[in-house]
Amino acid sequence: MIYHGLVKMSHLSHRSEVVEQKSDVSCVDFHCNISKMSRAKPEDDEYWNSSKFKAFTFDDDDDEFSRLKESKRAVNSILVDDDDDDEDDVERVSWSGEPVGSISWSVKETASSIRSGSEQSFPKIDTTPSLTKQGSGYSLSSLFKGKSKPGAFQSFSESFSETSVRTYAPELRKPKSDGKDFVSDLSPEETVRRMQKGRAFSLEKFRSLQDKLLLLDEAVAVYDGNVITAVLIFLKKSLSKEILFRELMARDVALRHYVHYLKEMGEQKLLVELLKALGRTEDMALTQYKEHLNIKDEGRRRDFLKSCLSLPFSQDDATHVQDHYTLLERQIIIEASDKKADADIFKKFPRKASILNMPIITTLYYSCFYHYGESEGTFSSPSNIRKTFRISEKQYILTALGARAKLKSWFDVDSLFNTKNWLGYTKKRSPIGFHRVVDILHKNSAPVQVLQEYVNLIDDPEVKLNMALKYKCHDVVINSYRDLKDRQELVVYREKLERDSPEYRKIQELLNNVQIRWKN
Amino acid sequence: MAHTERRDAPELPDFSLLKRLARDQLIFLLEQLPGKKDLFIDADLMSPLDRIANVTILKQHEVDKLYKVELKPIVSNSDQLCFLIRPRIQTVKWISDLVNSDKVAGRFRRYKIIFTPQKFYACETVLEEQGVYGDVTIDEWNFYILPLDDDILSLELPEFFRDNFLEGDQRWVTTAGSALHLLQTVYGSFSKVYGIGRCAKMVYESWRELMEEGEQRTRQPEFAKVFLIDRDVDYVTPLCSQVVYEGLVDDIFRIKCGSVEFGPDVTSSDKSIKVMLNSQDKVFNEIRNEHFSNVFGFLSQKAKNLQTAYDKRRGMDIQQMKAFVADELKGLKQEHRLLSLHIGASESMMKKKTKQDFQELLKTEHSLLEGFEIRECITYIEEHINRQVSMIESLRLLCLLSITENGLLSKDYRSLKAQYLQSYGIEHLLTFANLRQLGILEEQQAGETLTVMESRVGKLVNDKTVGKLTDAFSSLAKKSNFRALSKRLALVPKSGEEYDLRIPRDMAYIFSGAYIPLSCKLIEQVLERDGWTGLEEVTRMLNGQDFAVTGGSGSEARNRTDAQRIVLVMFLGGCTYSEISALRFLGKERGCRFIVVTTAITNSARLLEALLDNHA
């Protein structure tokens, strides 16, 4: 692929800072007005001399520029035959140094071999269903382009005819045909179009509020988020925030771009002000609350969370944030004392990590592990945590079970489920299914005797049998088959057991028992 | 069980061209900074870069050292620094700091930023504000599309999803338009475009503008049709557990840019292996679209065949043996290696899934899809949360519950949210706010009985007044309407019917016969009807935003070439491997081929992780 112009252009684009800095108006002038290049400083000259390309002619700058831009696009999208070969003042550069022909050449071959000459064009569709343009009542562009007015929903069949309408409208889209000398004279439409294409533009002339808003609406109308944000940056610098906020209120798309931009720039204060001005108090509260994630020091983080308590959260969220503060406050206290604790449990099972910033349930687990049995008066006791954070019985049992089973405190496990009825009898009761209890115990490698006890408590006989089989609780299996009067299964199961083991003998006895009326 | 390709399945265009174009442009850009230079690359650009160039190529163009962008102070002695980055404000700020600290230290270097796929004004403004505009040269590497496989093209822009759908930032709209434009320029025009979704419409417009500007170089199209679809049209599908081999591998091992790293548990050695997963891998190619339950049988059959092939050696004479070694052995060994790898992977996945009670999990998902025993599902999810099982999995189930039920009852929402925050951290308040914003985890508004209403409305399609009623409803809030859609499009096959997963009868096979992915069903329906006619009610429930347009001179009528049977589907916001499998299945059924263009490959974990806000 023969390639021209691009090299020079990329040099140009970064020399563009020689443009005079405007003080109050942001001139986001990325590819500067090339005529200003003549003011290049001496060191630039040196730089240019070192480049192997001929000097530029600055007269017809915009055209030149658009051609450069176009050839770049041509290369990028490997358009094949570049027919405008009139740029003789530029040396031809073969890029990638490969012999003419290899890659790009083959592309050209592929492309041209499958060419046919039919003209195709696609119709325009309306992207904004009922509300086309928000805010500023009218826009010239919409009249010119025959775009549907607010409320008028354009059907697709209608949209087909629109291409023809467009041909009568002032032609603003062809980059080459504009012929304007000053980019500052351009309409909002044209300016936005130039911004989209990365060509020279100037926002200086958009000084009246109405012009600024026309510009913003035009950017929104072409769906280009990059340009919308660019216009917003300009508005941010050239409008007071009160006015900008007010105008954004009626422009949802632009508003969301602005919020995202502020988030990415880390302009927290302004963002909070904006949300407040919009009356989005919950979002504002959350945005402020989010800041705590950036605070590493736990003391400062706690204080910050405390300051969040007065923010206008929704009722539910206010409770959660209060919990967050209380939790961290407790964790700091627990951490300080446990760090130097020398109780046996800490020696036997040294702490792997600090408890700071852990979730509530993890904290509860920790407390069931290291501080089980402490009185409710201490912050670190499981019962205190349970009460403070309104933890459900089910959740509490699950967590305590996990922690005590991990420590193999089967006695504690046992007492978790003990309840006394009014006659004083002890009964096992659980808010979680006993099959789940068995699972957890097994995961913590509980011995068969313990497992067996809980398997026996499962209500559903089928589930009970399956669990017993899964965890090899022989007694339960045998009793289940006996209750089912399933002789065959017993015989089968006997074969899986060690000969003369107690279980084996138990099956033997059962099979020999003549009083049982087997079903098979 | 390996599907035999239909004899007349059309040939796909050669997408490797796109890689060469990207590589050549990159080389050109590197040459813009002549002399030795150090190259800093954004972490998420490294894999895509690997697919199109290698270190040797970079070295040939005077790249001295390669660094990953880590947003930390750098150690480099080079006088020229080149940054190959995504256009992100944070990265540009970091570069500005770097330049400024060099200035303070009186150090002179040349700096060049290459933004890919394009630059943003916001980034340039940062350079300007930090006073380094002009000290840094800027270029764009228009690397829009990375071909991941014969039929998968990726923009490799995972942030597209969050930026567009959560933040409402349309910065990537023109990128997607440009990607389409690139395809069109290289491979020819399309004769017909269908689409659904707000973003899809904008992308179409952006692309059309590009088309009008560029000189028309039309020629016979290599694709007949294009279908553009927004991710938010269907959140259910990407939130379901994947059970087709490729999807499962992605869920468990995470395929990155078409390559996966299998750990020691798979390789049964002490090291990990990186493997490319694509159609070049003969074994993988045969199982990628299969339901996982078929894979074991297939692999063991394959192993037997391999054994037989090896066994041929017995009783060979020297000549035959020589021929065997020359012609077959290499292939057999290759197959052997791949086979043992995929067997290892299957085993490892099996183990992991058994451990987490996958069966029970799937049962819950299927109940949610069917709208059956919702109370039991809630209890299951609650227990999941209480036991602090995977934070993402719990969130996934909550979202599935909310979408399929059109929001949670107030009391359920509050209690599940409170329990979630207790188990996984209160800072997830922010995550919940995001999910609500996106509409995938919501509380039903007081007095809202839309679910029942709407499904009733769904039955009375032809009644115009009822149609208006639905309009009024959908303007109230963006509802998922899943239940009604599911009924209307028959997404959930009647339960009780046996579904033979070895001989799939429809796209539901990718979810064990329990659910036909909504996204793919829409594509099927629209292609069948050649538009949205007859689907008015469906599109209404999807909040409108559908379109279908034909190119000016309708090249359709001309000759029925292969190209007429190639359909390009562009997913805006990501698509899953399961959806790709479903489309491959559909293609085989209909004698056409689908090419998937996606902003990124996604799955439930990636989708939800993009919405988390629990860290700084």
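Let's start inside chain A. Helix α17 (residues 360–370) of chain A has nine of its eleven residues buried, so it is largely enclosed by the rest of the structure. Buried means under 20% relative accessible area, exposed means over 50%, and partly exposed is in between, with a 1.4 Å probe and protein chains only. Helices here are DSSP runs of H or I with at least four residues, strands are runs of E with at least two, and both are numbered from the N terminus.

A word on the ground rules. This is a predicted model, where local features need pLDDT of at least 70, side-chain atom pairs count only at pLDDT 80 or more, and totals for chains, interfaces and linings use all residues. Residues are numbered from 1 along each chain as its sequence is written, chains are lettered from A and ligands numbered from 1 in the order in which they are written, and side-chain values use heavy atoms, with hydrogens and water left out.

Back to α17(A). Which residues are buried there? They are A:Ile360, A:Ile361, A:Thr363, A:Leu364, A:Tyr366, A:Ser367, A:Cys368, A:Phe369 and A:Tyr370. And what do they pack against? In chain A, the partners are α15 (315–339), α16 (344–348), α18 (382–388) and α19 (393–406). Contact means heavy atoms within 4.5 Å.

Now confidence. pLDDT is the predictor's confidence in each residue, from 0 to 100. Chain A averages 74, and 65% of its residues score at least 70. One is residues 1–119, with 186 contacts beyond four places in sequence. The other is residues 129–180, with 80 such contacts.

Chain A also carries a record. An unreviewed UniProt entry annotates residues 209–307 of chain A as "domain: Vps16 C-terminal". UniProt positions use the numbering used here, feature names are shortened, and annotations may be inferred rather than shown by experiment. In the model, that span is 81% helix and 0% strand, and its end C-alpha atoms lie 39 Å apart.

On to chain B. Its secondary structure comes to 26 helices and 14 strands. Of its 616 residues, 62% count as buried. Take the contacts in chain B between residues at least 6 apart in sequence: 78% of them join residues at least 24 apart.

Look at the five-stranded sheet. It is open, its pairing is parallel, and the order is β2-β1-β3-β4-β5 (chain B). At the edges are β2 (63–68) and β5 (136–140) of chain B, each pairing on one side only. The twist averages 20° from one strand to the next. Two strands pair if DSSP finds at least two bridges between them. β3 (residues 80–85) and β4 (residues 110–115) of chain B run parallel and share six bridges. There, B:Ile85 stands opposite B:Phe115. Helix α4 (residues 89–104) of chain B lies across β1 (37–41), β3, β4 and β5 of chain B, at about 170° to β3(B). Axes are lines fitted to C-alpha atoms, for helices over the stretch in contact, and angles run from 0 to 180 degrees between N-to-C directions.

Next, the seven-stranded sheet. This open sheet has mixed pairing and the order β6-β7-β14-β13-β9-β8-β12 (chain B).

Then the core. A nonpolar core is a set of buried Ala, Val, Leu, Ile, Met, Phe, Trp, Tyr and Cys residues joined through side-chain atoms within 4.5 Å. The largest has 319 residues, and those with the most contacts inside it are A:Leu441, B:Phe83, B:Trp141, B:Met570 and B:Leu608. Helix α1 (residues 16–31) of chain B gives the largest share, nine residues. Leaving aside neighbours within four places in sequence, B:Trp141 is in contact with residues including B:Leu26, B:Leu84 and B:Phe115.

Last stop: strand β10 of chain B. B:Val260 sits in that strand. B:Val260 is buried, with a relative accessible area of 1%. B:Leu277 is 17 residues away along the chain, yet the two C-alpha atoms are separated by 7.1 Å.
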